[in-house]
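Thanks for coming, everyone. Please look at the screen.

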Amino acid sequence: MSNNSKRIQVNFTPEQYELIQKLKGELGGSDADVIRNIVINWLTEKSFISTSIKNKISKNK
């Protein structure tokens, strides 16, 4: 984790956590990766992230 990263604690129901586990490998290798990618994908889908930021995110992968 870089110095600029922030840690946020979230709670999930057992059903939500089971879904996150099923997405491992598709959206990331760890719980944090999966959740991070879910959030980024949702923000992108809802157009909260501009085209320029989308391009920056794609280049960092």
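Let me start with a term. Helices are DSSP runs of H or I with at least four residues, strands are runs of E with at least two, and both are numbered from the N terminus. With that, helix H2 covers residues 31-45. Arg 36 and Asp 33 both sit in it, three residues apart, about one turn of the helix.

Now the ground rules. This is a predicted model, so local features need pLDDT of at least 70 and side-chain atom pairs count only at pLDDT 80 or more, while totals for chains, interfaces and linings use all residues. Residues are numbered from 1 along each chain as its sequence is written, and side-chain values use heavy atoms, with hydrogens and water left out.

The overall picture next. The chain has three helices and zero strands. Along the sequence the pattern reads α-α-α. The C-alpha trace spans about 35 × 30 × 20 Å along its principal axes.

How much of the chain is buried? Of its 61 residues, 7% count as buried. Buried means under 20% relative accessible area, exposed means over 50%, and partly exposed is in between, with a 1.4 Å probe and protein chains only. The chain exposes about 5,500 Å², and carbon and sulfur atoms supply 52% of that. Areas come from the Shrake-Rupley method with a 1.4 Å probe; for residues, only the protein chains shown count as cover.

On to charges. Side chains of opposite charge can pair when their charged atoms come close. We call it a salt bridge when a side-chain nitrogen of Lys or Arg is within 4 Å of a carboxyl oxygen of Asp or Glu. How many does a search of the whole structure find? Three.

Arg 36 counts as partly exposed, because its relative accessibility is 46%. Asp 33, at 28%, is partly exposed too.

Next, Glu 18 and Lys 22. Their closest N and O atoms are 3.3 Å apart. They are four residues apart in helix H1, so about one helical turn separates them. Buried or exposed? Lys 22 is exposed, at 60%. Glu 18 is partly exposed, at 46%.

Then Lys 24 and Asp 31. Here the closest N and O atoms are 3.0 Å apart. Lys 24 is partly exposed at 32%, and Asp 31 is partly exposed at 25%.

Between H1 and H2 there is a loop, and Gly 29 lies in it. Gly 29 counts as exposed, because its relative accessibility is 64%.

Now the nonpolar surface. Which residues make the patch of about 400 Å²? Ile 8, Val 10, Phe 12 and Tyr 17. Patch residues have over 30% relative accessible area and no salt bridge; like charges are joined within 9 Å, and nonpolar side chains (Val, Leu, Ile, Met, Phe, Trp, Tyr) within 5 Å. Tyr 17 lies in helix H1, residues 14-23. At 37% relative accessibility, Tyr 17 is partly exposed.

Last, the largest pocket. It is lined by 11 residues, and Lys 6, Ile 8, Ala 32, Ile 35 and Arg 36 lie nearest its centre. A pocket here is an open set of points on a 1 Å grid over the protein atoms alone, where a 1.4 Å probe fits, with protein on both sides within 12 Å along at least five of seven lines; lining residues have an atom within 4 Å of a point.
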